[in-house]
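I opened this model to look up its ring contacts and the packing of its helices, and I keep my notes below in the order in which I went through them.

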Amino acid sequence: MDTTKIIELLSYTLPAVITGGVAYYFFSLHTKNEEGRRRYLIQRDASKNALPIRLQAYERMALFLERINPSNLLIRISPNSSDKMDYQNLVVLHIENEFEHNLTQQIYLSDECWTIITTAKNATIQMIRKAALNPEVDTANKLREIVLSELLEKQSPSNNALAYIKNEVGGLW
């Protein structure tokens, strides 16, 4: 083969190789772009469907926090007897039942939000148990009075958790 034939062969082959390379690059770029667009559309549809469920979970947990707020809880639950320990156990049982009823909502909340809600529940139970251990408390009605008077001095754990929920829901927009 002489050099003119090789040069002639290269003059036909080189543009075809360059055109093929450019076409491959653009097709791969287009394929990646389409894949990203499809992912975005699927994610957008999923978030459109998930947002109402997440908001409902936040609403249920806000209701839970309102229901376990000692000022609401102790007014709603009247003592069955004058024994402070029976009343303490009854109130704690109500808190635990409310919590178990809403336990599945944690999958729609952030881990930090769920931790704060759980901490508020535990702090409320601890507040009631601590008040029951007070030597001045000898009846169920006295237990109610002591817990409610504590709430006049400081904010309930439920209020702090509720403020966090409101802040987190505000971040969804």
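**Rings, then helices**

Phe64, Phe99 and Trp114 are joined by ring pairs into a cluster. I also noted that lysine 121 lies over the face of phenylalanine 99, 4.5 Å from the ring centre; a charge counts as over a ring if NZ of Lys or CZ of Arg is within 6 Å of the ring centre and within 35 degrees of the ring normal.

Before going on, I recorded that this is a predicted model, in which local features need pLDDT of at least 70 and side-chain atom pairs count only at pLDDT 80 or more, while totals for chains, interfaces and linings use all residues. Residues are numbered from 1 along each chain as its sequence is written, and side-chain values use heavy atoms, with hydrogens and water left out.

For confidence, I read a chain average pLDDT (the predictor's confidence in each residue, from 0 to 100) of 90, with 98% of the residues scoring at least 70. Confidence is highest in helix α4 (residues 111-133), at a mean of 95, and lowest in helix α5 (residues 140-153), at 88; helices here are DSSP runs (H or I, at least four residues), numbered from the N terminus.

Turning to α4 and helix α6 (residues 157-170), I found an angle of about 165° with the axes 8 Å apart, the axes being lines fitted to C-alpha atoms over the stretch in contact, with angles from 0 to 180 degrees between N-to-C directions. The two helices α4 and α6 are therefore roughly antiparallel (over 145 degrees). Residues of α4 including Ile116, Ala120 and Met127 meet α6 residues, among them Ala161, Tyr164 and Ile165, where contact means heavy atoms within 4.5 Å.

The contact is made by Met127, Ile128, Ala131 and Ala132 of α4 with Leu143, Ile146, Val147, Glu150 and Leu151 of α5.

Notes:
Rings of Phe, Tyr and Trp (its six-membered ring) pair if their centres lie within 6.5 Å; planes under 30 degrees apart count as stacked, over 60 as edge-to-face and the rest as tilted. Angles under 35 degrees count as roughly parallel, over 145 as roughly antiparallel, 65 to 115 as roughly perpendicular and the rest as oblique.
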